[in-house]
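This report goes through a few parts of one structure. Keep the sequence and the model at hand while reading.

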Amino acid sequence: MVRVIKEVYGLRDKKVLDAMLVVPREEFIQKKFRDVAYSDNALSIGYGQTISQPFTVAFMTHLLKLQGKEKVLEIGTGSGYQAAILAKLAKEIYSAEVVEKLGKRAKDKFKKLMINNVKIKIGNGEVVWENKAPFDRILITAGVFKDIPKGIINQLKDGGLLVVPIGDSSGQTMTRITKKGKKIETEEFGTFQFVPYRQN
Ligand code: SAH
């Protein structure tokens, strides 16, 4: 899996690749997919949701430029795999999941794997972790089909980064937003395919 990310996609962020070498992806997928746990594919995790393709996880993590001390908000816990990678590279991860059963499953998984710096809440990621704002980094792992909800930008520190796929059901552009006072700077990084972000 890591060889594909490195050699096929040319992503050579050592910190990110090292994290992906140590987090067992097979723990975050359904048993029936165990033999393809390390292929470069998104997989169903039930409830109409998916665990992202490994390259996509690596790329989003890379875009966040984590140094180790950050407080990160992740919207869309899903399987918990992306959060487990973030947990290796940042200080505290606050993750939100609207599908209650997925959130609970991920919580149990973190307990089992003794990952202690990820906290999960069930509910809309736009509001459930407001008490922990502002965040150094925010990652949305579902496709935002129009505008980024304003409530999310408000929870980003000045100078902080938000990574979010934006588009419609035909594809979303990976977007990195840097907050600079009242302004935001936007960079775009190619097209991806995500399950839709839910407004409530
Ligand atoms: N990061 C996940 C990817 C999960 S797919 C992983 O590594 O497996 C995206 C997830 O976002 C889905 O589980 C979906 O239920 C959740 N989601 C969508 N909109 C949301 C919102 N507004 N708040 C919280 N979770 C949301």
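Where is the place of phenylalanine 145? Phenylalanine 145 is in the loop between strand S6 (135-140) and helix H6 (150-153). Helices here are DSSP runs of H or I with at least four residues, strands are runs of E with at least two, and both are numbered from the N terminus.

## About the model

The model is predicted: local features need pLDDT of at least 70, side-chain atom pairs count only at pLDDT 80 or more, and totals for chains, interfaces and linings use all residues. Residues are numbered from 1 along each chain as its sequence is written, and side-chain values use heavy atoms, with hydrogens and water left out.

## Two single residues

Phenylalanine 145 has 34% relative accessibility and therefore counts as partly exposed. For this label, buried means under 20% relative accessible area, exposed means over 50%, and partly exposed lies in between (1.4 Å probe, protein chains only). Leaving aside neighbours within four places in sequence, phenylalanine 145 is in contact (heavy atoms within 4.5 Å) with Gly167, Asp168, Ser169, Gln172 and Pro196. Isoleucine 166 is 21 residues apart from phenylalanine 145 in sequence, but the C-alpha atoms of the two are 5.7 Å apart in space.

Threonine 178 is in strand S8 (residues 171-180). Why does threonine 178 count as buried? Threonine 178 counts as buried because its relative accessibility is 11%. Not counting residues up to four places away in sequence, threonine 178 touches Gly159, Gly160, Leu161, Lys183, Ile184, Glu185 and Glu187.

In H2, which residues are buried? They are Val16, Leu17, Ala19 and Met20. These residues cover an arc of only 160° around the axis, so they lie on the same side of H2; the arc is that of the directions from the helix axis to the C-beta atoms. An α-helix has 3.6 residues a turn, so residues three or four places apart point the same way.

The buried residues of H2 pack against helix H1 (2-7), helix H3 (54-63) and H4. The face of H2 turned away from its buried side carries the exposed residues Lys14, Leu21 and Val22.

## H2 against H4

Helix H2 (residues 14-22) and helix H4 (residues 81-89) pack at an angle of about 125°, and their axes are 9 Å apart. Axes are lines fitted to C-alpha atoms, for helices over the stretch in contact, and angles run from 0 to 180 degrees between N-to-C directions. H2 is therefore oblique to H4. Angles under 35 degrees count as roughly parallel, over 145 as roughly antiparallel, 65 to 115 as roughly perpendicular and the rest as oblique.

From H2, the residues Lys15, Val16, Ala19, Met20 and Val22 meet Tyr81, Ile85, Lys88 and Leu89 in H4. By class, this contact of H2 with H4 has seven nonpolar, no polar and two charged residues. Ala, Val, Leu, Ile, Met, Phe, Trp, Tyr, Cys and Pro count as nonpolar, Asp, Glu, Lys and Arg as charged, and the others, Gly among them, as polar.

H3 is mostly covered, with nine of its ten residues buried. Among them are Pro54, Phe55 and Leu63. Lysine 65 follows H3 and has a positive phi, near 50°.

The axes of H3 and H4 cross at roughly 40° and come within 11 Å. H3 is therefore oblique to H4. Val57, Met60 and Thr61 of H3 make the contact with Tyr81, Gln82, Ile85, Leu86 and Leu89 of H4. The residues of this contact divide into six nonpolar, two polar and no charged.
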